[in-house]
Amino acid sequence: MSEIKAGAVLNYINLGLRLGVPLLLTPYLLEALGPAEYGLYMLASTLLVRLYLSDLGRTTGTRFLSEYQARNDTVGEARFLGTLTILYSLAGAVLLGLGLAVYPFLGTIFPKFSPAELSTYRVLYLMTLLNAAIMFPARSLTGIADSRQKFALPGLIAVGASLLSAGGTWLLAALGYRSIGLVAFNIGTGALALLLNMLYCFVGLKARLNLKEWDLTLCRSLFTFSGWLLLNQLINMLNAGTGNYLVAITCGAEQAAIYTCGLQIYANYFLLGGCLSQLFLPRVVRMVQRGASPLLQTEAMIRLGRAQLLILLPVAIAILFYGRQFFFLWIGHKLGEQAELSWLIAVALIIPQTFSLAQALGWQISQARNALRQRVAIMAFNSLLFIIVSYFVCLWWGIAAQAIWAACSITIQLLMLNLIHYRGLGLSPLRFYTRLLKEWRLRGPLLLLCAWSIHELIPGCGWYNLAVKLISFAALYLIIIKHSFRATVSE
């Protein structure tokens, strides 16, 4: 099995753990911590997840190291890794300083928190801030394995870390530990996984680090690329994923818990869409370096988009038709009728994000072609608009309206991305969507009809009933798309 296929399999195993474990732990943690402290715990956990997903240093490392690998330049690679480490260590120090400057104002930022809630969150904030400052330079070195298209062992490490995190969280909660202990354990687990990855890169892959030769020209290139990449990542983090923070500021910790439960399903769906695309950056860099035309790059987007939709669409349809029943079974015992609101939040975010995730390869193409400036410039306005409007939407109309506005913001962002792909990169969004929609013009309505029929013909409300519905829908889906699946796998 090739490294990319092995990496894809392990990514999906790890994803299955990261999807399934929180679903199992959430009702238990809600009961153990209570809705208010669970909301605080999830605010801190969401920040950790966002920092992990942003993967700024790792993405930068993979992007540049792929070029050195293409030229077989080991001396340049060692000098690059040294420059990258120094630059990101400085960036981590700046991040720590900025975070500490914000710390005294947490009470002003979250006026709805009680004194006890604010005290707990202050500790969680400092823990996540210190973790981010330390991990910032360290994660940049893990791009070595990605650039060499070595995905198997890092995938195994990720699976092991997920299992350890899940088991430890359950055990600590059973022993009576609160949110601070749980977050501390998750930070430790992440640090252990990072250490093992670095050992693999420098011992197993024989990578070298040259800290003595400071390359000013390279530093400028790194600073420019990383700066635009950082701005793009901040824009993404300031969009729909920060809705729970705005809810916490305007509505309090308990409402943030309700919003976070819906956001958790959305975040897992986002992870599902990112598993394939993150494996393709080294390949895209090589494609661009070899002079592949925008038409060939569009064709690559279409191939990955076809695979993305085969995975994402059935999940989105299942959440739409069976998600309400799932949310009541999952968290209804603690949140009551508010569980339906969490489901509506998840649906509102997932539907528009499906179309954005289908063209995820455009992000890798933008990095490979050093076209981040255009992407960031046009998206910055959308993020600023989202934050300003979100505050007043939450304040005046509550979390349901916030979810609707977040869905609108994702749609606006998608339109802007397509403008960048067409005007800035010469890609063809029209060709992309025409090819994809042509394949789904009959299957899509048929899947919706099947999901609706199963929902109507198998009434009930228990876990067994939900499992029967999902298995029935999965069986019909596999029958409908089996030919497309074979064609996609063969590519």
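Predicted model: local features only at pLDDT ≥ 70, side-chain atom pairs only at ≥ 80, totals over all residues.
Residues are numbered from 1 along each chain as its sequence is written, and side-chain values use heavy atoms, with hydrogens and water left out.

Now for the overall picture. The protein chain has 20 helices and zero strands (both are DSSP runs numbered from the N terminus: H or I and at least four residues for helices, E and at least two for strands). Of its 491 residues, 54% are buried, where buried means under 20% relative accessible area, exposed means over 50%, and partly exposed is in between (1.4 Å probe, protein chains only). Take the contacts (heavy atoms within 4.5 Å) between residues at least 6 apart in sequence: 84% of them join residues at least 24 apart.

Let's head inside. A nonpolar core is a set of buried Ala, Val, Leu, Ile, Met, Phe, Trp, Tyr and Cys residues joined through side-chain atoms within 4.5 Å. The largest one here has 98 residues, and Y38, F113, Y121, Y259 and F327 have the most contacts inside it. Helix α13, residues 294-335, gives the most to this core, with 17 residues. A second, separate core has 11 residues, including F80 and A207.

Setting aside neighbours within four places in sequence, Y121 is in contact with L40, L43, L106, F110, F113 and Y245. Y121 also belongs to one aromatic cluster together with Y103, F110, F113 and Y125.

Back to α13, which has 42 residues. Its end C-alpha atoms are only 50 Å apart, short of the 62 Å that a straight helix would reach (the expected span is 1.5 Å times one less than the number of residues). Look along α13 and you'll find a kink of about 65°, centred on Y322; the bend at a residue is the angle between axes fitted to the seven residues ending there and the seven starting there. After α13 comes G336, with a positive phi near 65°.

Aromatic rings pair up too: rings of Phe, Tyr and Trp (its six-membered ring) count if their centres lie within 6.5 Å, with planes under 30 degrees apart called stacked, over 60 edge-to-face and the rest tilted. That rule gives 17 aromatic pairs. F327 and W330 make an edge-to-face pair, 5.4 Å centre to centre with 75° between the planes. Both lie in α13, three residues apart, about one turn of the helix, and both are buried. By contrast, F386 and W405 are stacked because their ring centres are 6.4 Å apart and their planes are at 15°. This pair links F386 in helix α16 (residues 372-397) to W405 in helix α17 (residues 399-424).

T169, in helix α7 (residues 152-174), counts as buried because its relative accessibility is 3%. T169 touches L25, L29, Y41, L182, F185 and N186, not counting residues up to four places away in sequence. G16 sits in helix α1, residues 3-54, and is partly exposed at 38%.
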